[in-house]
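Subject: Structure handover

Hello,

Here is the structure I said I would pass on. My notes on the strands and on one helix pair follow it.

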Amino acid sequence: MKAVYLKAPNDICIKQIDKPVYQEGYALVKVKSMGICGSDIGAFRGVNKMVSYPRVIGHELAGVVEEIGENPNNIKPGDRVVIDPYLWCGHCYSCQMGRTNACESMRCLGVHTDGGMTEYMRHPAHQLVPLSDSIPWELAPLSEPLTISMHGVHRSKLAAGEHMAIFGAGAIGLLAALGAIAYGAVPILIDPVKERLDYARKLGVKHTVCIPGEDAVEKIYEMTNGRMAEVVMEASGANAAIRSCFDVVSYVGRIVLTGWPKMPTELPTDLITKKELDVLGGRNSKGEFQEALSLMESGRVDVRGVLSKVITIDEVPAAVRELSDFPGRYLKIVALTD
Ligand SMILES: [Zn+2]
Ligand SMILES: [Zn+2]
């Protein structure tokens, strides 16, 4: 079968590998669609220290079950499913606390272990999520980045009526903004790329700030009538954006850090004390797949706006190279196996 294969950094191709065989406790899934994620691009470039090579990439996946045994969701062969791609150990402190998304031995598909940009994959049966017939294959993989965004939203305890300033108008930031709107909150998207913000406005995000031309503190002061943002989500991983979270957050506000910076950030911890802030991490997702799929199915979050292009699995290596050279060209590309 075909697999999108990273031999080493900057060396990607379609490789023929053996089709996996069914094993008890697992499901054999015929993969139908796969999203290309920023982390796949990081793996391609060799900038993600957690990735080892060679590696089959891909963790935003949907497909049809071929073989499965007993499982908690009562999924049967022939059912449509989405893959929950974060493999956790079940023994560490995080897992014992029920926070398996931050497992100390976390293995994410396509990062720590082979991913699912293949025609067939074997995956733990309890980590499949039923997918309704009303969600087309090309949209189903978008549920995964939506879970990341919603996890950030939940970590921050965002409430209706509150402002959520979001740094980064890529797929995660934009989906968080759409999720915030679905829950009655007011997102403020901040990004250096004007076209991305113009596009977000078309999707219904009313408040945007284009930095550095516009002053985020000044604009958010006006947008919030002087309170500043009760919640700030960092979804860019840029050090300057992480630092700015502390300036645009309100007193007694919450900051959730979802982006992965390459370098440490110097922080004004006096502001954490002075404003009595809650500073939170947001990693992967836990229990948000059902929610993401129902937000998509009901149309409360229209993920079509985040899908830029649909391609075939054979075109993935070229698309990964293109995204690596021109990261701002597309929001999300999804590939279909047939
Ligand atoms: Zn992803
Ligand atoms: Zn664990």
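Helix α10 (residues 316-325) lies across β1 and β2, and α10 runs at about 165° to β2. Please keep in mind that this is a predicted model.

The sheet under discussion is open and has three strands, in the order β2-β1-β4. Its pairing is antiparallel. Strands β2 (11-16) and β4 (55-56) are the edges, each pairing on one side only. Between β1 (residues 2-8) and β2 there are six bridges, in the antiparallel sense. In that pairing, A3 stands opposite K15 of β2.

The other item is a helix pair. Two packed helices are described by the angle between their axes and the distance between the axes. For helix α3 (residues 143-155) and helix α9 (residues 289-298), the axes come within 9 Å and cross at roughly 110°. Angles of 65 to 115 degrees count as roughly perpendicular, and α3 and α9 are therefore roughly perpendicular to each other. The crossing of α3 past α9 is right-handed.

Which residues make the contact? From α3 they are S143, L146, T147 and M150; from α9 they are F289, E291, A292, L293, L295 and M296. By class, the residues of this contact between α3 and α9 comprise seven nonpolar, two polar and one charged.

Regards

Conventions: Residues numbered from 1 in each chain as written. Chains lettered and ligands numbered in written order. Predicted model: local features only at pLDDT ≥ 70, side-chain atom pairs only at ≥ 80, totals over all residues. Axes fitted to C-alpha atoms, helices over the stretch in contact; angles between N-to-C directions. Helix = DSSP H or I, 4+ residues; strand = E, 2+ residues; numbered from the N terminus. Parallel < 35°, antiparallel > 145°, perpendicular 65-115°, else oblique. Left-handed = near helix turned anticlockwise from the far one by under 90°. Contact = placed C-beta atoms within 7 Å. Nonpolar A, V, L, I, M, F, W, Y, C, P; charged D, E, K, R; others polar. Pairing = 2+ DSSP bridges.
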